[in-house]
Amino acid sequence: MTPGRPVPPPLGKHLTLGDADSRPAGEGVPTLAAAYGATSPGSGLVPLTVARRAPKPDDVEIEIEFCGLCHSDVHSTRGEWGMRNYPLVPGHEIVGRVRRVGSAIHDFAPGDRVGVGCLVDSCGECESCLEGLEQYCERGNVGTYGAKDARNGDSITQGGYSTSVVVDRRFVLRIPESLDPAEAAPLLCAGITTYSPLRYFDVEEGDVVGIVGLGGLGHMAVKLAKAMGAHVVVFTTSEAKVEAARGLGADGVILSTDSDAMEGAERTVDLIIDTVAAPHDLDPYFRTLRLDGALFQLGLPPTDMPPVKPGSLMRRRLAYVGSSIGGIAETQEMLDFCAEHGVASDIEIVTADQLNDAYDRMVAGDVKYRFVLDTKTLHTPSEKADA
């Protein structure tokens, strides 16, 4: 396990913001797409129609087949992370087929299966972008939904709960045909979010990886760490998840409420991936780490966590680290890795009219382990766009 393994190089040169005005206005005409989204924090998800721009020379138009549901979609549409621009169509785990491409594109063709994750643009010029770390763009990246798109007239991006989307080719990913397209959708968020820290620490055979929490992120972390050859231990507060963790491939399961079991795990783990999005004390988990171990925080609680005690880190030169999704090249690497090792998300497919129930079930933790929208169940778009 070697901290700081470099990411793959960027996949291609980015246009600079100054290039936006010099690009042709579009090839063909905009299209209307059927969608589901929110019109206010309390509206729930309702049928909408969104306008998709005509593809520019570097654009790819995608006919969406499936879109994963992420817990951040719930927070965003319900205004729990601050007010957003409405109407808002969520969805950043998009899988579909290329419908048409811009005149400058030679590496994608109609019919290719592709995906779009959490990002659709970044500045392309800062140090982070030049290193293939678009998720840490120093000027601010452009999210797949709810973000101002500077290259396209400051329009607000609309996500994948829709029948189509148009995206700059540099943010379009190839979905290996060996992956089930519905099961591949959550890889574009939950998959890369857990793959990136595992890769950063160069997890390999013989390493012991601990996973805190067994939800959408946690179940992917188990599968990916096992595929990398690690010995995987799941920490959970729920006895009901013990067998589920073993079924996913975990080598060991520890009830974090069992003080004897936690004491027995002290100094046995190299790396911990913490996926819990509720405030919790980290000190018991730090005690399970070996010298030079690290705890990666992926779960984002809505309120402050109990403070980290410096002494907990100093005793064994431990690291407490945060991580956010992954760059485009690293996401492609993750997809190829999953295809090679047969890794995919455990999903439940939902129809458009089940979306609001699915949101309530996500909040209640009633899903194993990700919902995925079948976009064939969306309505026919109206003659006028809502967004």
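Modeller: Here is a close look at one helix and its surroundings.

This is a predicted model, where local features need pLDDT of at least 70, side-chain atom pairs count only at pLDDT 80 or more, and totals for chains, interfaces and linings use all residues. Residues are numbered from 1 along each chain as its sequence is written, and side-chain values use heavy atoms, with hydrogens and water left out. The mean pLDDT (the predictor's confidence in each residue, from 0 to 100) is 92.

Start with helix 4, residues 190-200. Helices (H or I, at least four residues) and strands (E, at least two) are DSSP runs, numbered from the N terminus. Helix 4 packs against helix 10, residues 328-341, at about 95°. Their axes are 10 Å apart. Axes are lines fitted to C-alpha atoms, for helices over the stretch in contact, and angles run from 0 to 180 degrees between N-to-C directions. The two helices are therefore roughly perpendicular (65 to 115 degrees).

Contact means heavy atoms within 4.5 Å. Helix 4 contributes Gly191, Ile192, Tyr195, Ser196 and Arg199. Helix 10 brings Glu330, Thr331, Glu333, Met334 and Phe337.

Helix 4 also lies across strand 12 (208-212), strand 15 (269-274) and strand 16. It runs at about 155° to strand 15. These strands belong to an open sheet of 6, ordered 14-13-12-15-16-17, with parallel pairing. Two strands pair if DSSP finds at least two bridges between them. The edges are strand 14 (252-255) and strand 17 (319-322). Strand 16 (residues 289-297) joins strand 17 over 4 bridges. There, glutamine 297 stands opposite glycine 322.

Definitions and conventions. Angles under 35 degrees count as roughly parallel, over 145 as roughly antiparallel, 65 to 115 as roughly perpendicular and the rest as oblique.
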